[in-house]
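Trainee: I have a model open and want to learn how to read it. Can we go through it feature by feature?

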There are 2 protein chains.
Amino acid sequence: MTSKNYQLVIVGYGGMGSYHGKLLKDNQNINIIGTYDISEERKTASLVDGYAVYESLEAVLSDEAVDFVLIATPNDVHKDIAIASLNAKKHVICEKPVTINSHELLEIMEAAKINDRAFIVHQNRRWDEDFLTMKKVYDEQTIGDVFHIESRVQGANGIPGDWRHLKAFGGGMLLDWGVHLLDQLLFMVDSKITSVFANLSYILGDDVDDGFQVFITFENGITSLIEVGTTNFIQLPRWYVKGTKGTAVIHDWELNGKIVTQNLGEVEAPKPIKAGQGLTKTMAPPSEKAVSTSDLPAAIVLKESFYENVISVVEGTEEPIVKNEEVLRVLRLMETIFKSAEKNEVIKDFDAVPSKNI
Amino acid sequence: MTSKNYQLVIVGYGGMGSYHGKLLKDNQNINIIGTYDISEERKTASLVDGYAVYESLEAVLSDEAVDFVLIATPNDVHKDIAIASLNAKKHVICEKPVTINSHELLEIMEAAKINDRAFIVHQNRRWDEDFLTMKKVYDEQTIGDVFHIESRVQGANGIPGDWRHLKAFGGGMLLDWGVHLLDQLLFMVDSKITSVFANLSYILGDDVDDGFQVFITFENGITSLIEVGTTNFIQLPRWYVKGTKGTAVIHDWELNGKIVTQNLGEVEAPKPIKAGQGLTKTMAPPSEKAVSTSDLPAAIVLKESFYENVISVVEGTEEPIVKNEEVLRVLRLMETIFKSAEKNEVIKDFDAVPSKNI
């Protein structure tokens with residue numbers, strides 16, 4: 001497809017920076033030619049991993065060999081590094097959450113436009129198989145028209161003990177994990193948001209949220225409950241999705257799950273059961289012939305992998321799969337969620353009054 | 001304990017009316033001496049079951065042998081039958097939801113007071129073992145201080161096809177099942193409600209709700225998510241409760257479930273896992289020695305059964321376990337939930353501005 005070879009420098013060689021090293025190890029188009037990190041320990045780690053070390057960001061940006069800057073620093077400095085890199089005529093790949101607020105992203109998008117360089121956010125979880133399986137269920141109406149989506153990630157480890165639990169660095173679970181779940185939701189449901197209600201949890205005593213529950217409604221009638229938790233010693237399913245003809249569940253990252261659908265035609269009415277201290281027909285299991293259980297479908301396959309798409313975007317052969325306008329909308333949604341939680345109110349004007357800047 | 005024998009008539013001999021027949025079959029203190037129902041079919045059913053049939057409510061109320069009227073009719077006529085019965089100096093046991101609105105209950109409470117007769121609502125699910133098990137976990141801090149409670153019942157049968165799907169008769173899932181889950185929640189959590197946000201579902205096209213999700217916060221910091229569904233072909237757990245030291249789950253009416261708690265002291269940090277297209281330490285399972293799994297505790301035992309308590313209340317030896325003030329609070333909470341859902345707003349003055357009538 002492409003003959004050109006691109007040179008990339010990783011800025012911020014922590015957990016995610018080194019993970020990109022692994023992702024790009026066998027990439028035919030992109031070579032990692034070095035890293036830059038302010039920490040001596042991480043410089044050493046980079047050298048151990050076989051990557052040359054730059055002594056300053058300026059050194060990276062003034063190196064004409066560099067085509068791509070990959071930003072994997074704490075979130076609060078994404079903007080300055082991104083704009084400096086774009087102004088130095090580098091393409092930029094940026095870790096999520098892209099910035100701490102939507103104004104910062106708008107500044108970056110403007111810099112990308114002026115400098116005619118690509119700025120692409122690593123919303124890697126659009127390629128998660130659990131998500132793409134549920135997107136298949138949604139797109140192909142496997143359970144009829146989907147009308148309710150619950151998407152959760154629940155851990156029991158609290159917030160990892162570095163900058164992620166500090167507000168000034170853009171920590172907190174809404175920005176860290178919420179950004180993925182919301183990005184997936186908006187990538188799946190093509191409809192305006194009509195209301196947002198959120199509760200953020202501060203159980204662990206950090207100055208950032210250690211989890212949240214947010215209830216989002218869409219113009220097309222779909223409702224959704226998105227949840228991130230770090231105080232959950234037992235986990236609810238990763239996905240729980242209801243349609244007019246059935247329900248789909250994915251329990252975990254290993255894609256354990258199933259689909260149960262309603263059978264058409266006359267079926268025997270359910271028999272009342274004793275449930276606790278009462279009888280119930282409503283909550284009785286459907287009669288045997290009333291429902292069918294089946295396996296989850298194969299996940300849909302996106303046109304290109306993240307890095308294939310990066311190259312195509314730079315070479316002008318494909319649109320970005322992760323569009324900056326979409327990233328901006330997710331960022332604005334997170335701002336709306338913070339506002340809803342702070343005021344303990346339902347926010348209804350998220351999509352009704354579009355930002356003047358867009 | 002008691003030497004007296006009480007005579008009871010069941011008014012409304014449908015599903016719940018005949019269920020009370022079974023409940024009272026071996027009761028030493030209460031005899032069912034007849035039923036009254038407007039339906040010829042149900043009159044026949046009563047005779048088949050061995051219960052004499054009254055030809056009118058007046059005939060029941062003018063029968064001096066009758067001590068108790070048990071009301072198991074559709075909800076819209078509870079009030080008139082209750083007040084007529086109290087005025088006829090009968091004690092009254094009433095099915096839930098007690099009335100369609102709180103004003104009706106206030107009228108009944110007034111009639112009970114004036115006539116010095118007992119009026120007791122059959123909130124039978126306070127005696128449900130799943131609830132009393134979770135109440136034990138809550139009361140005894142088995143998982144530390146509980147800070148989040150999720151209570152769900154989910155069926156796949158829609159709304160049963162009689163008056164329960166009609167608004168005029170007091171149908172709908174909030175009134176039908178919501179009343180139980182809310183009653184249990186308020187019986188468990190002794191704190192003022194600070195906010196209520198609700199979404200009612202109308203997927204099935206009935207003029208009443210076919211389910212709901214409501215998010216309730218309490219002054220003591222506890223948050224809760226209460227849900228009833230009739231379009232759920234796969235069920236989430238009946239109870240999912242989080243505490244500062246662990247999580248408790250009860251899956252079903254058979255009390256399958258478990259408790260997972262955090263171990264004290266230094267434990268190994270969790271190892272990052274590959275989850276979808278990314279690494280995560282936050283959502284990795286805790287290290288093996290960091291948590292312990294245990295069985296659910298035995299349920300707490302309430303002082304008396306429902307009918308034992310009815311007798312004690314009438315004889316003045318015990319307070320009612322189901323207090324009318326509590327039933328009234330649940331009814332007002334349901335009104336607040338309807339209001340929140342209709343306006344799509346968070347309601348914060350539920351306990352802040354007590355009703356003048358209370």
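Mentor: We will take the ground rules, then the symmetry, the interface, the sheet and the annotated domain.

Mentor: This is a predicted model: local features need pLDDT of at least 70, side-chain atom pairs count only at pLDDT 80 or more, and totals for chains, interfaces and linings use all residues. Residues are numbered from 1 along each chain as its sequence is written, chains are lettered from A and ligands numbered from 1 in the order written, and side-chain values use heavy atoms, without hydrogens and water.

Trainee: What rotation superposes chain B on chain A?

Mentor: Two copies of a chain are related by a rotation about an axis and a shift along it. Here the rotation is 180°, with 0.0 Å of shift along its axis and an RMSD of 0.0 Å. That is the relation of a two-fold axis.

Trainee: How many residues of chain B are in contact with chain A?

Mentor: 69 residues of chain B touch 70 residues of chain A; contact means heavy atoms within 4.5 Å. 100% of the interface residues of chain B are also interface residues in chain A, so the copies meet through the same surface.

Trainee: How much area do the two chains bury between them?

Mentor: About 5600 Å², 62% of it on carbon and sulfur atoms. Buried area is the accessible area (1.4 Å probe) lost on putting two parts together, summed over both. B:Phe233, B:Ile234 and B:Met283 lose the most area in chain B, together 14% of what that side buries.

Trainee: How many salt bridges cross the interface?

Mentor: Two, by this rule: a side-chain nitrogen of Lys or Arg within 4 Å of a carboxyl oxygen of Asp or Glu. A:Lys348 and B:Glu345 meet in a salt bridge at 3.9 Å, N to O.

Trainee: What is the strand order in the eight-stranded sheet of chain A?

Mentor: Strands of a sheet pair through backbone hydrogen bonds, either parallel or antiparallel. The order is 7-8-9-6-10-11-12-15, in an open sheet with mixed pairing. Strands are DSSP runs (E, at least two residues), numbered from the N terminus; two strands pair if DSSP finds at least two bridges between them. Strand 7 (193–201) and strand 15 (291–294) of chain A are the edges. Eight bridges join strand 7 to the antiparallel strand 8 (residues 211–218) of chain A. A:Asn199 stands opposite A:Gln213 in strand 8 of chain A.

Trainee: Which residues does UniProt list for the domain?

Mentor: The unreviewed UniProt entry lists residues 8–121 of chain A as "domain: Gfo/Idh/MocA-like oxidoreductase N-terminal". Such annotations may be inferred rather than shown by experiment; positions use the numbering here, and feature names are shortened.

Conventions. Least-squares fit on C-alpha atoms with pLDDT ≥ 70 in both. Helix = DSSP H or I, 4+ residues; strand = E, 2+ residues; numbered from the N terminus.
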